[in-house]
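User: I am new to this structure and would like to learn how to read its features one at a time. Could you take me through them slowly?

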Amino acid sequence: MQHSRTQPRALSTATRRNLPGLMALYEENYMRLRRLIPRLDAIHGSAVSCVEGCIDLHVTVLERARYTTTLHLTYVFDDGEGIRHEPDLRVRVQHDARTAEAMELHIGRGRYHFDARRTLQRSWERNRFLHKWLGYCLHRGHRFPRRPAPVAESAD
């Protein structure tokens, strides 16, 4: 069965919580992340995607190596009780393998902490969350980097 170019491909890993399913999820996360950040090399330090009517999406490059880039991806809230990052994700992008793996996830003021232990179940939960959240961010119109605002000419 062939998929048409206009028909989006459904998540192939929806019910397969096994190692091949997890690897497929990493690949799909990579594709979504590259749609969100088409030029990862253009992000130096931090960047913010602002979409009217949406919460600003923040990305920070934590580490850049020859074959990998580690990112921090989050929303930033200031709710009167201080600044909080939620969801708070650390994502490792493997350029040569074309995969993106959620290494660590914090949501709900620390109620849910999916740490970096690499059990199949925990990896599945973190990466399924990343998959859904990337889809949501793309649907809302987030993209990096945004073009800078035009510089006004001085009236000298």
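Analyst: What follows goes through the core, a helix and the aromatic rings in turn. This is a predicted model, in which local features need pLDDT of at least 70 and side-chain atom pairs count only at pLDDT 80 or more, while totals for chains, interfaces and linings use all residues. Residues are numbered from 1 along each chain as its sequence is written, and side-chain values use heavy atoms, with hydrogens and water left out.

User: Which residues have the most contacts inside the largest nonpolar core?

Analyst: In soluble globular proteins, nonpolar side chains tend to be buried together. A nonpolar core is a set of buried Ala, Val, Leu, Ile, Met, Phe, Trp, Tyr and Cys residues joined through side-chain atoms within 4.5 Å, where buried means under 20% relative accessible area, exposed over 50% and partly exposed in between, with a 1.4 Å probe and protein chains only. Here the largest such core has 26 residues, and Leu33, Leu36 and Ile37 have the most contacts inside it. At least two residues each come from several elements, including helix 1 (19-36) and strand 3 (68-78), and the largest share, 5 residues, comes from helix 2. Helices (H or I, at least four residues) and strands (E, at least two) are DSSP runs, numbered from the N terminus.

User: What does helix 1 pack against?

Analyst: Its buried residues pack against strand 2, strand 3, strand 4, strand 5 and helix 2, contact meaning heavy atoms within 4.5 Å. Leaving aside neighbours within four places in sequence, leucine 33 touches Leu71, Leu73, Val91, Val93, Ala100 and Leu134. Arginine 32, also placed in helix 1, counts as partly exposed at 24% relative accessibility, and, with neighbours within four places in sequence again left aside, is in contact with His131, Lys132, Leu134, Gly135 and Leu138.

User: How are the rings of tyrosine 75 and tryptophan 133 arranged?

Analyst: A pair of aromatic rings is described by the distance of the centres and the angle of the planes. Rings of Phe, Tyr and Trp (its six-membered ring) pair if their centres lie within 6.5 Å, and planes under 30 degrees apart count as stacked, over 60 as edge-to-face and the rest as tilted. By this rule the count is 3 aromatic pairs. For tyrosine 75 and tryptophan 133 the centres are 5.1 Å apart and the planes stand at 85°, so the pair is edge-to-face. This pair links distant parts of the chain, with tyrosine 75 in strand 3 and tryptophan 133 in helix 2, 58 residues apart, and both residues are buried. Tyr75, Phe77, Phe129 and Trp133 form one aromatic cluster.
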